[in-house]
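Here is a short note to read beside the model. Keep the 3D view open and find each element as it comes up.

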Amino acid sequence: MKSNILKIGSGKISEIESTLRAADISGKILYISDPYVDSLYGASVRPQIEAVGKIKEQSVDYNTIAYSMEVAERVIATDIDCIVAMGGGKTLDVGKYAAFVSKRPFLSIPTTMAHDGIVSPIAVLKRQDEKPKSLGCAMPSMIILDTKLMATCPKHLIKAGIGDTISNYMALKDWDFAVSHGKDEMNGYAYMMSRTSLDALMKTQFDHICPEFIDVLANSLVLSGIAMDFAGSSRPVSGSEHLFSHALDYYCEKQNLHGFNVALGTIAVLKIIGDDPTEVIDYLKKFEVDVNPEHMGISEDSFVYCMQHATEMRNNRYTYLHEADLDSDKLKNVYKELVEEL
Ligand SMILES: [Zn+2]
C-alpha cells in the first residue's frame with residue numbers, strides 16, 4: 001500500500017478514484033460523511049469509490065472517542081480495507097482515529113478549512129464527559145484538498161482557519177522560549193515548516209478572501225500539519241495561545257471556533273509578555289477576522305480565569321505563560337485593551 005498521497009487544487013474531488021487506485025486500494029471501502037456533506041457531494045464521491053471497490057457507508061452521528069472506536073470495530077470485524085472520510089473536522093477526526101486504531105489506509109477529504117487539524121496526525125474527539133481530548137494518531141495516508149469546494153464553505157470557517165495558522169506566530173515564540181529554558185528540544189525541520197506556513201499567509205499579496213487566497217491558506221494548513229508530523233507533536237503550531245483556547249473550551253460556557261480562540265490567545269499573550277501585537281492585529285483586521293473577546297461572548301472573568309489556568313491544560317508544553325505575571329488586575333487591563341483595540 002502506498003501512502004503520502006497529497007492532492008491540492010481546484011476540482012481535485014474528481015481524483016478520488018485515481019487516488020485510491022494509485023494507493024492500490026481495493027475490496028471493501030468505508031465511506032464516512034454526514035448527511036449534509038453527503039447531500040452536496042455524495043453523488044460525485046460514491047461512483048468513484050464503487051469503481052475501485054465495494055462501498056460501505058457510515059453516517060457520522062457523534063465525534064466521541066467511543067463512537068470512533070465503534071467505527072474501528074466495524075472496520076476490523078467486517079474486514080473493511082480502507083476508510084474514506086469526507087467533511088469537516090468532526091467527521092475527519094472520527095475517520096482518522098478509526099483508521100489509526102484499525103490500522104487501515106485513510107483517505108481524508110476536508111470540506112472546510114477551519115483549522116490545521118484537517119491535515120494532521122492528531123484527532124480531537126470528545127470524552128464521555130463531553131470534554132475534548134487530543135489524541136495522537138497518524139497523518140492520513142491520502143489527502144485530497146479541493147480548493148474550489150473548500151472555498152464554498154462558510155466565510156467564518158475560512159476566517160477561523162486564518163486564525164489557527166496565525167497562532168503559529170505565538171506557538172513558535174513559545175517553542176523558542178521553552179528550548180532556551182531547557183524545557184524542550186528543537187526540531188529544525190518542523191520549526192521551519194511551521195514558520196513557512198505562517199509566512200506564506202502573513203506575506204500573501206492578497207488582502208481579501210478570494211480563490212487565490214484560498215490556495216495559499218490550504219497550503220499553509222497542510223504545512224502546519226506536516227510540521228506536526230515531523231515534530232511528532234503539535235509543538236510547532238500550538239503554544240500558550242492553544243493552552244488558553246483549551247481552557248476556554250473547558251471552562252467557558254460560550255463556545256467559539258478554535259481558530260478564533262487561538263488568534264485571540266496569540267494577541268492576548270503577546271500583550272501579557274510585553275510584545276507588540278500590531279502586526280498580528282492588522283493582519284486579522286485586513287481579513288475581517290473578529291476576535292474581540294466581547295463579541296465572542298468571553299467575559300472579563302472568564303478571560304482572566306482561563307489565562308490563569310491555561311498552563312494546567314496539558315503537561316510538557318512549556319510556554320511564556322509558565323513564567324509570566326498573571327496577576328488579575330494586569331489581566332483585566334489586557335482584557336480592556338483587547339475590547340478597545342479588536
Ligand atoms: Zn490549532
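1. **The sheet.** Six strands form an open sheet in the order S1-S8-S5-S4-S2-S3, with parallel pairing. Strand S1 (5–9) and strand S3 (54–59) stand at the edges. Each has a single partner strand, so one side of each lacks a neighbour in the sheet. From one strand to the next, the twist averages 15°. Some terms: helices (H or I, at least four residues) and strands (E, at least two) are DSSP runs, numbered from the N terminus. Two strands pair if DSSP finds at least two bridges between them. In general, strands of a sheet pair through backbone hydrogen bonds, either parallel or antiparallel.

2. **What you are looking at.** This is a predicted model; local features need pLDDT of at least 70, side-chain atom pairs count only at pLDDT 80 or more, and totals for chains, interfaces and linings use all residues. Residues are numbered from 1 along each chain as its sequence is written, and side-chain values use heavy atoms, with hydrogens and water left out.

3. **Strand S4.** How many residues of strand S4 (residues 82–87) are buried? Six of the six are, so S4 is largely enclosed by the rest of the structure. Buried means under 20% relative accessible area, exposed over 50%, and partly exposed in between (1.4 Å probe, protein chains only). Cys 82, Val 84 and Met 86 point one way from S4. Ile 83, Ala 85 and Gly 87 point the other way.

4. **Partners of S4.** Strand S2 (residues 28–33) runs parallel to S4, and four bridges join them. Here Ile 32 has Ala 85 of S4 as its bridge partner. S4 also pairs with strand S5 (residues 106–110), in the parallel sense, over five bridges. There, Ile 83 stands opposite Phe 106 in S5.

5. **The S2–S3 pair.** S2 and S3 pair in the parallel sense over six bridges. Lys 28 stands opposite Lys 54 in S3.

6. **Helices on the sheet.** Helix H2 (residues 35–50) lies across S2, S3 and S4. H2 runs at about 160° to S2. H4 packs on the sheet too, touching S2, S4 and S5. The direction of H4 makes about 165° with that of S4. Axes are lines fitted to C-alpha atoms, for helices over the stretch in contact, and angles run from 0 to 180 degrees between N-to-C directions. Contact means heavy atoms within 4.5 Å.

7. **A right-handed unit.** S4, helix H4 (residues 89–102) and S5 make a right-handed β-α-β unit. To check the hand, point the strands away from you: a crossover is right-handed if the path from the first strand over the helix to the second runs clockwise.

8. **Two loop residues with positive phi.** Asp 79 is not a glycine, yet its phi is positive, about 55°. Asp 79 is in the loop between helix H3 (65–77) and S4. At 53% relative accessibility, Asp 79 is exposed. Lys 103, also a residue other than glycine, has a positive phi near 60°. Lys 103 sits in the loop between H4 and S5. Is Lys 103 buried or exposed? Lys 103 is exposed, with a relative accessible area of 73%.

9. **Helix H12.** Which residues of helix H12 (residues 278–286) are buried? They are Val 280, Ile 281, Tyr 283 and Leu 284. Seen down the axis of H12, they fall within an arc of 165°, so they line one face of the helix. The arc is that of the directions from the helix axis to the C-beta atoms. These residues pack against several helices, including helix H6 (155–166), helix H7 (168–180) and helix H9 (211–231). Glu 288 follows H12, and its phi is positive, near 55°.

10. **Thr 319.** Find Thr 319 in the loop between helix H13 (300–309) and helix H14 (328–341). Thr 319 is buried, at 0% relative accessibility. Leaving aside neighbours within four places in sequence, Thr 319 is in contact with Asp 174, Phe 177, Arg 235, Gly 239, Ser 240 and Leu 243.

11. **Cysteines.** The structure holds zero disulfides. A disulfide is a pair of cysteine sulfur atoms within 2.5 Å. Cys 306 is in no disulfide either; the nearest cysteine sulfur, that of Cys 252, is 5.8 Å away. Cys 306 is buried, at 1% relative accessibility.
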